[in-house]
Amino acid sequence: MSTPGDAAEPLTPAVFHILVALADGPLHGYGIMKRVEEDSGQEMGPGTIYGSIQRLEEAGWVQEDPDAAAAPRRRSFALTADGRSALAAELVRFRKLTHLARERGVADPAGAS
Amino acid sequence: MTGRHRLARFAYRLLLRRYPARIRERFGDDMVEAFSRRLDEAQQASGLRGSAAVWLWALRDLVRRVPPPLPAQRSVPGPLPPGRGSSGPAVLAQEAGAAVRRLLRAPAYTALSVGITTAGVTTALLAAVVLESYLLRPLPYPEPDRLVSVRPASEAVGWRTTRDVFERAAAWDLAGFTLVGDPGADLVLGARVSPDFDELFGVEPAIGRFFSDAEAAPGGAPVVVISHGLWTRRFGRDPEVIGRAITYHDGEANRREVAELIGVLPADFWHLNGYTDVLLPLREDAPITMGRLARGLTPAAARARLDDRTGGTPDERITLTSLHEAYTARARPRVLLFQLAGGLVFLVALVNGLLLALLRMETRAPETHLRRALGAGRGRAALGPVLEGITVTLLALAGGAALAWALLAPLQAGLAGLVGVGVPGGSDTLRIGPASLVALAVMGAALALGFALVGALGAVPTGSESLRGGVASGRSTGARRGRRMRGGLMALEVALSATLLAGGVFLVQSNRELGRIDPGFDTRGLEVITVGLTGPRYDDVGTRLTFFHALAEGLHRRPEVTAVALARGAPLTSGLTARRVVTAPEPGRAASAMDAVPQIASPELFDLLGLTPIAGRLRPLPDPGSAAIGRSVAERLWPDEPVQQAVGRRLRFEAWSMPEMTLDPGPWLTVSAVVPDVHMNEQGAAPVVYLPFETTPSRWMDLLIRVPSGRSPTDDDIRSVIGSLDPGVPLYSRVSVDGATARNQAPIRLAATMFAGFAAVTFALSILGFYGVTTWAARRNRRSVAIRVALGARPDRVGVGFAVDALPWLALGLLAGAIGGGWLGQILVRQMPTLASANPWTGLALVLTVLAVAGLVAVWLPARRVAGSDLRATLEG
């Protein structure tokens, strides 16, 4: 049985991390930068962040947070439903790969099921 | 902002030209701002080296290519990555398995949660079983909805003359019968019953048959039906007993009769009164007391027809009440009280279970938020906690049902004493029936709904930091809602606990006061043996005197017995009724009156009870027209004189209805002695007028014996003494005074134990709830606590701060508890009049104080502990 996520292309690390960072609620660019660092230890510069956000907005996965529109100095961004689904599809792909790796004898160091 | 920063911002803005115009124009300011903040942080942390690192980082970032465009549409796999299956049932099974595993991994939470909710379910289920058995289940008779009690008994409403109103009706004449012959005299309770009895109650004899019409008709053959108990006890279940002649003495008719035993009632036959050991046909028309209304006849129409017969005057107006209602009228308030107590315990357990679930949700908030972040909808995120709650609910329901089932037997033993009447249908019918199962289902639904609500609340994001397990902001709507919910639950818990505790303390207080009552005499080793003389032989007062004196001597000769006295009605064991006593008119003094208990007594009674006369003499035997009186009688009849002055004065009972000596008024009696008061019953010292046994020997007398060694003569020993005087005289009863006192106090003791148990459980639960919630809140706010302590606040003061935060909820709960406790106290006093001596308000004040102190300590202690822990690690972590 195929799942809808089968045909999806992998996300770039930057996009993936930004989506994860925004999963918990709207953040402004600098907030995303800090959150990605906390979550993954990856240091992304403003160019990567905003370049990715531009692409994410164009794809309809992220939108400017309408609640924060009154404060233009601190533009915030929020995940859309499509963005959330895209993130979930990526996780499906991760899970399959994890399962595959485990079946091929790669031990899971965390012991997670 | 420094000039160097301005320069850096300008330089960085120039570098941004590498980016496409649409990105630069839209986000340029934001990018410069982000760069500037990063530069600022780096400079503060590492000075010039930090600045250099940021510039390198920015340049590296510029070298990277702008990410490629993303597909406008990316396939959506559903709310969460499906694991082994994506269908609804598969997801549910997967989540249920995960919920069970999570519960197994948290044994402390699981045990506590299941334990608390099981306790609540057990208690409420037992209460529901009592409610169902007493008030909901119909009486075990055919067509019970048409059975009515007929009051008052009216000669105009006899069983022969009401065929147009009642399909079947029963009249009976209750009596005591003394069975004589082998294996000895046996006094049993029975009745003459109208011939409809068997069909009215749907009873088929176990062996033999019921009365035939010919036997029930005037002049019919003498026949008798006996109970299964008597058949077992006296005849060893011998089936050959049918057709045998039974000789008995009819106490009512005062003559010896013989009847043929024609039937034995079934073992499971239950009757509203216990007068069923011997049933004889009632041949003459007699007032009916219950019946089954004719089909299609409403109670109102039936009443109208009966009123026509009685004349319908207000005094004679017949009332028809459902037989079930009439039987359970006494029990109803106490059963409802039991229900209330059970319901309160369940509510407290429910609140605690929800509080625990809420705490667990909060501690698992980061996990929940991660799930939300990974795409789980609120429903899916709440599914796990809800399934955990349902698992706890199912365990609690199963455990509660099993525990309640196990506790039914001990409950049966004390229930009749507690509620005032036996279980309708017999104590075997105290079982978990359909209504109790509905109650169980309702409890399950309440628990499941509560857990679902908590799960839904936990699935709502309460702050951006939750994902990282950080400090809740406490300012978000979700956090406020959670805090209010916890506070409200705690207040509810305190209110319920206070209500039950007040009731429990009040009952325990009353029980202790009853136990402390000084009866006025030594009750140790004191037993009361009751003997009744039947038959024309004892019509003569002299024969009675001779018999009872000989019996007293015979008992006194037993080596175990040190003293014997004769009395009609012994203190603390009998329900003697007070009657109106008036003094004789004296010159210059109006007659005074009061209610006093008339007690027939031999002079030995005073020695046996250790009552030394305050004034006058008890020996030699007083004149027939004399009486000894208790101190309180002297004080009330002649209030302005010393009690010694009562000797020689005269009094009499206004209605002298002593057995076989009904006079109105009684003869004048001269006071021969004044003795100390004794307690005639558990309600206190009753004023007693002692009448000489020699002048008023009843057929029924109590023999008080003192057995100081604790080695009492057996019943057979006593029967042998009685039998040596007259084999036809049965031993009616034998009780110890201490035993009778304990039995009288048993309902209050049982109620006190029950309420105290309920109250102790709810108290422990509510304090545990306070402690748990504060521990959780303090841990959640560990960082802010740490900052406050780092800024100089003492851990004690932090604890006080938490206590102050909890105060409004605690106060609200205490206020509601005070109202509830006062209300419960009033109900208890109404239902158990012997409690009136205790003061419900003292207990309530004590309960509120203890709850307030315990509640504040339960809040202060965990907050202080958190404030005193390793906060450096907290701040650094």
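## Helix H7 of chain B and the residue after it

B:Gly236, which comes just after H7(B), has a positive phi of about 55°. The model is a predicted one, and this angle, like the other values below, is computed from it.

Helix H7 itself spans residues 228-235 of chain B, and its buried residues are B:His228, B:Leu230, B:Trp231, B:Arg234 and B:Phe235. Around the axis they take up an arc of only 165°, so they are on the same side of H7(B).

Strand S4 of chain B covers residues 186-193. Six of its eight residues are buried, so S4(B) is largely enclosed by the rest of the structure.

S4(B) pairs with strand S3 (residues 172-179) of chain B through eight bridges, in the antiparallel sense. Within this pairing, B:Ala175 is placed opposite B:Gly190 of S4(B). The hairpin of S3(B) and S4(B) has six residues between its strands, and there B:Gly181 adopts a positive phi near 90°.

S4(B) also pairs with strand S9 (residues 278-281) of chain B; here the strands run parallel and are joined by four bridges. One of the residues involved is B:Arg192, whose bridge partner in S9(B) is B:Leu280.

## The four-stranded sheet of chain B

Chain B also has an open sheet of four strands, ordered S2-S10-S1-S11 and paired in the antiparallel sense. At its edges are strand S2 (166-170) and strand S11 (319-322) of chain B, each of which pairs on one side only. On average, and with direction ignored, neighbouring strands of this sheet are turned by 30° against each other.

Inside that order, strand S1 (residues 147-151) and strand S10 (residues 290-293) of chain B are antiparallel and share three bridges. B:Leu147 has B:Arg292 as its bridge partner in S10(B). Helix H8 (residues 299-310) of chain B lies across S2, S10 and S11 of chain B, and its direction is at about 150° to S11(B).

## The three-stranded sheet of chain A

In chain A, three strands form an open sheet with the order S1-S3-S2 and antiparallel pairing. Strand S1 (27-28) and strand S2 (62-64) of chain A are the edge strands; each has a single partner strand, so one side of each has no neighbour in the sheet.

S2(A) and strand S3 (residues 76-79) of chain A run antiparallel and are connected by three bridges. A:Glu64 is one of the residues in this pairing, with A:Phe77 as its bridge partner in S3(A). Helix H3 (residues 46-59) of chain A lies across S2 and S3 of chain A and runs at about 100° to S2(A).

## The crossing of H1 and H2 in chain A

Helix H1 (residues 13-22) and helix H2 (residues 29-40) of chain A have axes that come within 9 Å and cross at roughly 100°. Angles of 65 to 115 degrees count as roughly perpendicular, and H1(A) is therefore roughly perpendicular to H2(A).

On the H1(A) side, the contact is made by A:His17, A:Ile18, A:Val20, A:Ala21 and A:Leu22. H2(A) contributes A:Ile32, A:Arg35, A:Val36, A:Asp39 and A:Ser40. Sorted by class, the residues in the contact of H1(A) with H2(A) are six nonpolar, two polar and two charged.

Methods
Residues numbered from 1 in each chain as written. Chains lettered and ligands numbered in written order. Predicted model: local features only at pLDDT ≥ 70, side-chain atom pairs only at ≥ 80, totals over all residues. Heavy atoms only, no water. Pairing = 2+ DSSP bridges. Helix = DSSP H or I, 4+ residues; strand = E, 2+ residues; numbered from the N terminus. Contact = heavy atoms within 4.5 Å. Axes fitted to C-alpha atoms, helices over the stretch in contact; angles between N-to-C directions. Parallel < 35°, antiparallel > 145°, perpendicular 65-115°, else oblique. Nonpolar A, V, L, I, M, F, W, Y, C, P; charged D, E, K, R; others polar. Buried < 20%, exposed > 50% of the residue type's maximum accessible area, 1.4 Å probe, protein only. Arc of directions from axis to C-beta.
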